[in-house]
Amino acid sequence: LTDPFFAVLTIDTILIYDTYHSRPLCIVRGLHYAGLTDCTWSPDGRNLVVSSTDGYISILSFAKGELGEEYVNFDTMETTAAT
């Protein structure tokens with residue numbers, strides 16, 4: 001699920017984008033008193049862990065579908081027939 005979403009960090013802001021829209025889906029500010037340093041998505045794509053130079057981490061948790069649903073184009077999916 002994490003493939004269609006990515007996060008961009010600035011010194012004090014987290015911007016979450018998808019691969020379709022040109023504007024962020026979510027903007028988060030003011031989580032830490034010091035600059036943001038890194039982030040990573042959980043394997044299921046529902047949590048974003050963010051660290052900063054203040055020595056703390058924050059975890060942004062999203063409900064299933066909160067950032068949108070992954071689009072599946074069934075016309076281009078390959079099917080295999082059992083023989």
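How many helices and how many strands are there in the protein chain? Zero helices and six strands, in a model that is predicted.

**View 1. The protein chain from end to end.** Start at the N terminus and follow the elements along: they run β-β-β-β-β-β. Of the contacts with a separation of 6 or more, 32% come from residues 24 or more positions apart.

View 2. The protein chain has 83 residues, and 29% of them count as buried. It exposes about 6300 Å², with carbon and sulfur atoms supplying 53% of that area.

**View 3. The largest nonpolar core.** Here are the 12 residues that make up this core: Phe5, Ile14, Ile16, Cys26, Val28, Leu36, Trp41, Leu48, Val50, Leu60, Phe62 and Leu67. Two or more residues each come from strand 2 (13–18), strand 3 (26–29), strand 4 (36–41) and strand 5 (47–52).

**View 4. Zooming in on Leu67.** Leu67 is one of the core residues. Skip its neighbours within four places in sequence, and Leu67 is in contact with Phe5, Ile16, Leu25, Trp41 and Phe62.

View 5. Is Cys26 buried or exposed? Cys26 has a relative accessible area of 18%, and the cut-off for buried is under 20%, so Cys26 counts as buried. Cys39, at 23% relative accessibility, counts as partly exposed.

Note on methods: Residues are numbered from 1 along each chain as its sequence is written. This is a predicted model: local features need pLDDT of at least 70, side-chain atom pairs count only at pLDDT 80 or more; totals for chains, interfaces and linings use all residues. Side-chain values use heavy atoms; hydrogens and water are left out. Helices (H or I, at least four residues) and strands (E, at least two) are DSSP runs, numbered from the N terminus. Buried means under 20% relative accessible area, exposed over 50%, partly exposed in between (1.4 Å probe, protein chains only). Contact means heavy atoms within 4.5 Å. Accessible areas come from the Shrake-Rupley method with a 1.4 Å probe; for residues, only the protein chains shown count as cover. A nonpolar core is a set of buried Ala, Val, Leu, Ile, Met, Phe, Trp, Tyr and Cys residues joined through side-chain atoms within 4.5 Å.
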